[in-house]
Amino acid sequence: MSSLSTHVLNTVSGRPASAVQIRLFAGDTLVFTGLTNADGRCAELRSLELKSGTYRLEFEIGAYFQQQGMNLPEPLFLDVVPIVFGLGEAMHAHVPLLAAPYGYSTYRGS
């Protein structure tokens, strides 16, 4: 079985993004929902035991930036950020998200 972690950073403020809604899908099946903590992480996500395959993490980044009091035009440029990635057998993947209202970046972390 494999494991997964994430870390969401607000690149506007340079701080962790807390209370970001996260969803994890295996194919079309929802396997997890949660919120990032004050450090921008979701500890419950790491406790999942995942099979090898393709997964999709979705981050409700638009709602997060609106909750931060940012005056953003409607419709939001970025609302939900999806990241599709593969997990092999017996591996750990760390999928960080660096986000702003108009752009984001991700990579395979350690």
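**Charge pairs, core and annotated site**

Me: In which strand does R23 lie?
Reply: R23 falls within residues 21-26; strands (E, at least two residues) and helices (H or I, at least four) are DSSP runs, numbered from the N terminus. This is a predicted model: local features need pLDDT of at least 70, side-chain atom pairs count only at pLDDT 80 or more, and totals for chains, interfaces and linings use all residues. Residues are numbered from 1 along each chain as its sequence is written, and side-chain values use heavy atoms, with hydrogens and water left out. The element holding R23 is strand 3.

Me: Is R23 buried or exposed?
Reply: Buried means under 20% relative accessible area, exposed over 50%, partly exposed in between (1.4 Å probe, protein chains only). R23 has a relative accessible area of 18%, so R23 is buried.

Me: With which residue does R23 form a salt bridge at 2.7 Å?
Reply: A salt bridge needs a side-chain nitrogen of Lys or Arg within 4 Å of a carboxyl oxygen of Asp or Glu. The closest N and O atoms of this pair are 2.7 Å apart. The partner of R23 is E60.

Me: How many residues apart in sequence are the parts that R23 and E60 tie together?
Reply: R23 and E60 are joined by a salt bridge. R23 lies in strand 3 and E60 in strand 5, so the pair ties together parts separated in sequence by 37 residues.

Me: Which residues are linked in a network of salt bridges?
Reply: The side chains of E58 and R56 meet at 2.9 Å, N to O. E58 is buried at 13%, whereas R56 is partly exposed at 21%. The network consists of R23, R56, E58 and E60.

Me: How many residues does the largest nonpolar core have?
Reply: A nonpolar core is a set of buried Ala, Val, Leu, Ile, Met, Phe, Trp, Tyr and Cys residues joined through side-chain atoms within 4.5 Å. L97 is among those with the most contacts inside the largest one. Its size is 27 residues.

Me: Which backbone oxygen lies 2.8 Å from a polar atom of the H7 side chain?
Reply: UniProt (unreviewed entry) places the feature "binding site" at H7, R41 and Y107; such annotations may be inferred rather than shown by experiment, and their positions follow the numbering used here, with feature names shortened. H7 is buried at 14%. The side chain of R41 also meets D39, in a salt bridge of 2.9 Å. The oxygen beside H7 belongs to D39.

Terms used:
A polar contact is a pair of N or O atoms within 3.5 Å; within protein, one must be able to donate a hydrogen and the other to accept it, and residues adjacent in sequence count only if both atoms are side-chain atoms.
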